[in-house]
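Please read them with the sequence and the model side by side.

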Amino acid sequence: MTLRYDAGEVITAMVTPFNEKREVDFEALEKLVGHLINSSSDAILVAGTTGESPTLTHEEEYEILYAVKGQVSGSRKVIMGAGSNCTRTAVDTSKKAVELGADAILSVVPYYNKPNQQGIIEHFGAIAKAVDIPIIMYNIPGRTGVNMTPQTAAFLAKEYPNIVALKQSFPDMDTITELRSLCPEDFAIYCGDDSLTLPMLSLGAHGVISVASHVVGDEIKSLIHNFKSGQIKAARNMHQKLYPLFRKLFMAPNPVPVKAVLSRLKIIENFVRRPLVELNEMERAELFDVLNEVLSSIGKTVKVEI
């Protein structure tokens, strides 16, 4: 079955580099995008939660999208996080994403105001009617305070052809089974948690919207390809090797740990915007110990100095 829209198997939810003034560092952004292109990212998601979207202005989000689109020059799909807990704002931001050339948008279930399922349907329906760009819905109850049910996701997928996929960040495999059985075959399901990529693939997910792909993108791509080609043991072995890093990258609020790693790799500076705070020295040592062990296990010679 051909997907109604295929953004690839490894979509990197890209961090937003900041300088010491905590302004967007566009020079580092260019270096980061080049790194992701060379690390098996099929698509790049800008201005998502990993990109610290709650602290970005809309103007900053648009500038980042424009810069990344210009750099990839069509070699990778660029997706923009365009969600909001205000339906009108989500619609306006989605329209702007279309204007600036985004290949697709990621739109989160409205957070904080906790709509019921009918409210979720009307929210996404308004966005789908306003733009013809592919829409990836994003269900993450731990951040939004409300869960979009499989029945709601399936209704939206059937009702609106441009609602093409779902990023699911909810560690309940029964829900994934229900989603896959209820949603159209050409509707893609993406794992939203690196550590659940393999089990979700086994239940019909297409790929992952990843944080760890900033560091081990080639290996995540290999895991997916091995699974889909029937090399289950190889996929499982790679999962086991990467699992400690998957977990450790969430030892503190995302994207704090992955930014610390990217800083040590000399790709970006280690700055996050408040209310997030950088890792302390002890936390960095703990993270880099695990990182070095994982890199060694997969045969990478880069050693991150603590």
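How many salt bridges does the structure hold?

1. The structure, which is a predicted model, holds 12 salt bridges. One of them joins Lys228 to Glu9, with the closest N and O atoms 3.1 Å apart. This pair links distant parts of the chain, since Lys228 lies in helix α9 (residues 213-228) whereas Glu9 lies in the segment before β1 (10-13), and the two are 219 residues apart.

2. The strands form a closed barrel of eight, running β1-β2-β3-β4-β5-β6-β7-β8 with parallel pairing, and from one strand to the next the twist averages 25 degrees. As a general point, strands of a sheet pair through backbone hydrogen bonds, in either a parallel or an antiparallel manner.

3. Ala165 stands opposite Ala188 in β7.

4. Among the helices, α3 (residues 87-99) packs with α4 (residues 117-130) at an angle of about 30 degrees, their axes being 9 Å apart. Because angles under 35 degrees count as roughly parallel, α3 is described as roughly parallel to α4. The crossing in which α3 passes α4 is right-handed.

5. Where these two helices meet, α3 contributes Thr87, Ala90, Val91, Ser94 and Lys95, while α4 contributes His123, Ala126, Ile127 and Ala130. Sorted by class, the contact of α3 with α4 has five nonpolar residues, three polar residues and one charged residue.

Technical notes. Residues are numbered from 1 along each chain as its sequence is written. This is a predicted model: local features need pLDDT of at least 70, side-chain atom pairs count only at pLDDT 80 or more; totals for chains, interfaces and linings use all residues. Side-chain values use heavy atoms; hydrogens and water are left out. Axes are lines fitted to C-alpha atoms, for helices over the stretch in contact, and angles run from 0 to 180 degrees between N-to-C directions. Helices (H or I, at least four residues) and strands (E, at least two) are DSSP runs, numbered from the N terminus. Angles under 35 degrees count as roughly parallel, over 145 as roughly antiparallel, 65 to 115 as roughly perpendicular and the rest as oblique. A crossing is left-handed if the near helix is turned anticlockwise from the far one by less than a right angle, and right-handed if clockwise. Contact means heavy atoms within 4.5 Å. Ala, Val, Leu, Ile, Met, Phe, Trp, Tyr, Cys and Pro count as nonpolar, Asp, Glu, Lys and Arg as charged, and the others, Gly among them, as polar. Two strands pair if DSSP finds at least two bridges between them. A salt bridge is a side-chain nitrogen of Lys or Arg within 4 Å of a carboxyl oxygen of Asp or Glu.
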